[in-house]
Amino acid sequence: KFTPDFVWIKERSSGSSHNIADVIRGSTCYISSNLPNQENCLTSTISSFNSNGFTVGNDGAVNESAQDYVAWSWKAGGSSNTFNKNGTGYGTASAAGLTGESNITIQGSSVNTESGISIIKTLTGPSTGMIIPHGLGTQPELIISKPLNTSLSWYTWTPILNNGSTSSNTGWSGLFLDTTAAASSSAYVYASNTHIYDSWAVGRLMVYYSFISVAGYSKIGSYVGTGATGNTIVTGFEPAFLMTKRTDVAGYNWYMWDNKRSPSNPRDEVLQADTSSAEVDYSAYPHDFNSNGFTIDTNNTAFNGSGATYIFMAFAADPT
């Protein structure tokens, strides 16, 4: 029903790596959330983004005969030009309002301030102290970054676990989307209302996916486990998509639910962003989607351990 700017595909019925593409890198160029591998480009994956969806080739990760898949698609700022914001394309970064950069070259952008998503592709300079405009107008609550030209992890940054600063890395936490590592307080990236400040991605081709909460549409947040069933987390809307991770200790995956694979409560069909594993029936660890959030009906430590800390990202169902 719309031209997607960010598409995440996962084979459900058997093990296969995740396939993530966006309009700035190009539909055929994919990275996998479960792997540190550098970007790869194949026309046999997502061959094009279309006015009402996307077209896939015959690669097994996106279109193997008789296999089941899920695709999550987001609208960012469009793709009519190199630099895009709120559906308008621009020929230069400054014309799109992306100014104040330092030690980087911005190669492309797709930013939507209304839906709270920013895609920025950069080539960083030879020294530390990169400054990258993100275009959202408020501090990102989650930044997922990936080096594209080398095999390095998905460095993921957030201020929400420790009330991170807008002017320094104080209170920012670092995670890895492709591993089960715990959150670290040694953050090398932080963000203000206008820019991302990166002190580690020297001399690399990078993509930065930044997200903010938008009332009624999305929520990036944290919660503390109760160790008892019936832990309800308020988002302000009924979720269509939910991803959670325990952050205080290592060993816990990034778990993904949605209302298409599990169209009614309990939502129990689960994939993991950090593994290539097939979909798992988690009916023993049920999660319910409510009109204003979600309820965790298990005391399993991966989801609701007593005193444990979790991060989550939720996007809203169509209210109709």
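**Burial, fold and one arginine**

Mentor: Of the 320 residues of the protein, 54% count as buried, meaning under 20% relative accessible area with a 1.4 Å probe and protein chains only, with exposed over 50% and partly exposed in between. This is a predicted model, in which local features need pLDDT of at least 70, side-chain atom pairs count only at pLDDT 80 or more, and totals for chains, interfaces and linings use all residues. Residues are numbered from 1 along each chain as its sequence is written, and side-chain values use heavy atoms, with hydrogens and water left out.

Trainee: How many helices and strands are there?

Mentor: There are 2 helices and 27 strands, taken as DSSP runs numbered from the N terminus (helices: H or I, at least four residues; strands: E, at least two).

Trainee: What share of the contacts joins residues 24 or more positions apart?

Mentor: Among contacts in the protein with a separation of 6 or more, the share is 61%; contact means heavy atoms within 4.5 Å.

Trainee: Now Arg267: where does it lie?

Mentor: Arg267 is in the loop between β22 (254–258) and β23 (269–272).

Trainee: Why does Arg267 count as buried?

Mentor: Because its relative accessibility is 5%.

Trainee: Which residues does Arg267 touch?

Mentor: Leaving aside residues up to four places away in sequence, Arg267 touches Glu238, Trp257, Asn259, Ser262, His287 and Phe289.

Trainee: And which backbone oxygen does its side chain reach?

Mentor: The side chain of Arg267 reaches that of Pro263, at 3.3 Å.

Key. A polar contact is a pair of N or O atoms within 3.5 Å; within protein, one must be able to donate a hydrogen and the other to accept it, and residues adjacent in sequence count only if both atoms are side-chain atoms.
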